[in-house]
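Please go through the points below with the model open beside them.

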Amino acid sequence: MKIGILALQGDFELHGRMLSTLSVDVAYIRKPDQLNSCNGLIIPGGESTTLTKLMRGAGLFDPIVSFAKNNPVFGTCAGLIVLATDLVNYNLDTLGLIDLSVERNAYGRQIDSFIDSVEFCIDGKTDFFEGVFIRAPKIVTIGENVKVLGTHDDNMVLVESEQVFVATFHPELTDDVRIHQYFVDKIRKSR
Amino acid sequence: MLHNGSEFRKKVALAEMLKGGVIMDVTDADQAKIAEDSGAVSVMALERIPADIRRDGGVARMSDPLLIKEIQNAVSIPVMAKCRIGHFAEAQILEAIGIDFIDESEVLTPADESYHIDKTKFSVPFVCGCLNLGEALRRIAEGAALIRTKGEAGTGNIIEAVRHMRAVQSEIKRVQILGDEELVSLSKNLGAPVSLIREIKETGKIPVPNFAAGGVATPADASLMMQLGAETIFVGSGIFKSDDPEKRAKAIVHTVTHYMDFIEVAKASEGLGEPMKGIEIETIPDEQRLQERGW
C-alpha cells in the first residue's frame, strides 16, 4: 500500500513520520501524476487559504476530486477545511468532498490554541486521544451520510463519510498512531 | 522538562503549520490582503519595513497596536508582529491584542543590552533570529518556538542569511560526530545548554523549526535558502519594495512549494520586473548592521 501526502505546504512531513511508523509507503504529492500509484491521500495541516491556491496552481484540484471517487482521503485541520463542502463566514475554493459545514479559526487566535483529551468511539469501543488544537476549526453541521467518531466537549472533532475521514485537530503532532492506523484500515476495507 | 510541556508543544505546533510557506512583511491592511491573496501563510505587521527603518534611522519600536489590529481584521491567516529585544512590556501588549506570533527582532532597536525576553512567561509563541547554533540554542532555552536566520534585513542581499544558515547546519553536523564526552566542552564554547546539544546529537536537528529571513528578494533566493535547510521563508522588504509586489509574492510562494523543481522555479522567476535595489553589505558601517544586535 502507498499513501500520498499533499506536500504543497504545512506539516506533511509529520504525517509521513506517522505512516513510516506504520510501515506504509509514502509519496509526497506536488503534481497530479504522482497520485497514480497511491491508494489513499492525506491533506495535512497548514494554512487552508494557501493550500487551496497552491492546489489550483499545481493543477491538482480536479485530479484530487476524481482520485477521491475511488480512494479514501484523510484531512487534518486545514485539510478538513479544504475537503469540506461548506464554509461558514468565509469564501474559499474548497474540494467539497465531505458533506459538512465548518467555521475557520472557531476557537480564536493562537493564544486560544490548546491540547486536551478527545473522546472517540471506533467499532463500539470508546477511548481517548490527545487532541492538539491549533487555531482549530469547528464542524458546525454534518450531512446525513457523515458519521461522528470523536468529540471534544460538545463539538464534533473526528468524522467520516464513506471515502473521507477528517479531524479538526492534529494526530500527526503526537506519537500516537491509532488515528492514522484507522485511516490505513479504511483504505484496506475500501480495496 | 521545558520542551515536552504542552504549553511549549502548542507553540511549536503553530510553527509546524507554517512550514513550506512564505511569511510576508506588510505595513497596512491593503498590503496584508495582497499577501493573503498571493498565498502567504502569515503576515508580519509593521509600521515600516526594514529597508525604510534602515533609511530613516532613529529608534525603531513596536508598531502601533491600532495598525496591527487593522491588519488582524483584514486577514484570516496568522498575524505576527515585532517587539524590541528584551522589551517584555511591548511583548505583553502584543500578547494582549491577540497576536499569533511575536518576533523578538534585531530589526528594531534593542531595549536591553544584556537580556532577551523570558519567553516561557508568555502563552504566545516567539520567533528569534540567530547567527549560529549557539545563539539559536540560547533563544530556544529562553522559550523561543521558532528560529530564523538574522540575515541582514532590508538589504535585499542574501549573503548574510546564507552565512547564518550554513553556520547553523554545519555546527549541527559537527555535534553529531562528536563523542559524548566532548559535549560539555562544546556547550561551554557555544554558550548553549548541554541538554539541547545532546538532543541535537540524537535527532540531527534543532528542537524547533528553522526558517530563513533577512535579504530574500527573488524566487531564486528563496529556493537557495530552502535547499540550504530552511523550512519556510520570511520576506521583508523584498516584496513591497519591488516593482510588482503581487506577482513577486505569488512567484515566491510558488517557488517555496516547488523549490526542488527547477523548471517551476524558472517559470516563477520570469517577468517579475525590478526587484528591490539592494545594498552591498561592505558599504554598511559596522554599527548599522542589524545582525550584530542580540547576544
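1. In α1(B), the buried residues are Phe8(B), Lys10(B), Lys11(B), Val12(B), Ala13(B), Leu14(B), Ala15(B), Glu16(B) and Met17(B). Buried means under 20% relative accessible area, exposed over 50%, and partly exposed in between, with a 1.4 Å probe and protein chains only. Nine of the 12 residues of α1(B) are buried, and the helix is mostly covered. Helices (H or I, at least four residues) and strands (E, at least two) are DSSP runs numbered from the N terminus.

2. This is a predicted model, in which local features need pLDDT of at least 70 and side-chain atom pairs count only at pLDDT 80 or more, while totals for chains, interfaces and linings use all residues. Residues are numbered from 1 along each chain as its sequence is written, chains are lettered from A and ligands numbered from 1 in the order in which they are written, and side-chain values use heavy atoms, with hydrogens and water left out.

3. What covers the buried residues of α1(B)? The cover includes α1, β7 and β8 of chain A, and β4, β6 (146-149) and β7 (210-211) of chain B. Contact here means heavy atoms within 4.5 Å. The end C-alpha atoms of α1(B) are 16 Å apart, which agrees with the 16 Å that its 12 residues should span at 1.5 Å a residue. The expected span is 1.5 Å times one less than the number of residues.

4. The largest pocket holds about 1400 Å³ of space. On a 1 Å grid over the protein atoms alone, a pocket is an open set of points with protein on both sides within 12 Å along at least five of seven lines, a cavity is a set where a 1.4 Å probe fits but cannot get out, and lining residues have an atom within 4 Å of a point. Grid points are joined across faces, edges and corners, and a volume is the space filled by probe spheres set on the points.

5. Of the 43 residues lining the largest pocket, Leu14(A), Glu16(B), Lys19(B), Lys205(B) and Ile206(B) lie nearest its centre. α1(B) gives the most to this lining, with six residues. By class, the lining of the largest pocket has 20 nonpolar, 11 polar and 12 charged residues. Ala, Val, Leu, Ile, Met, Phe, Trp, Tyr, Cys and Pro count as nonpolar, Asp, Glu, Lys and Arg as charged, and the others, Gly among them, as polar.

6. The second largest pocket has about 250 Å³ of space. Its lining includes Phe120(A), Asp123(A), Arg178(A) and Lys189(A). α5(A) supplies the largest share of this lining, five residues. The lining divides into three nonpolar, two polar and six charged residues.

7. There are three cavities of 30 Å³ or more. The largest cavity has a volume of about 200 Å³. Of its 23 lining residues, Asp25(B), Ala153(B), Ala213(B), Gly214(B) and Gly236(B) are the closest to its centre. Elements giving two or more residues to the lining of the largest cavity are β4 (101-105), β8 (233-235) and α11 of chain B.

8. Gly238(B) lies in helix α11 (residues 237-240) of chain B. Gly238(B) counts as buried because its relative accessibility is 2%. Not counting residues up to four places away in sequence, Gly238(B) touches Val216(B), Ala217(B), Arg248(B) and Met276(B).
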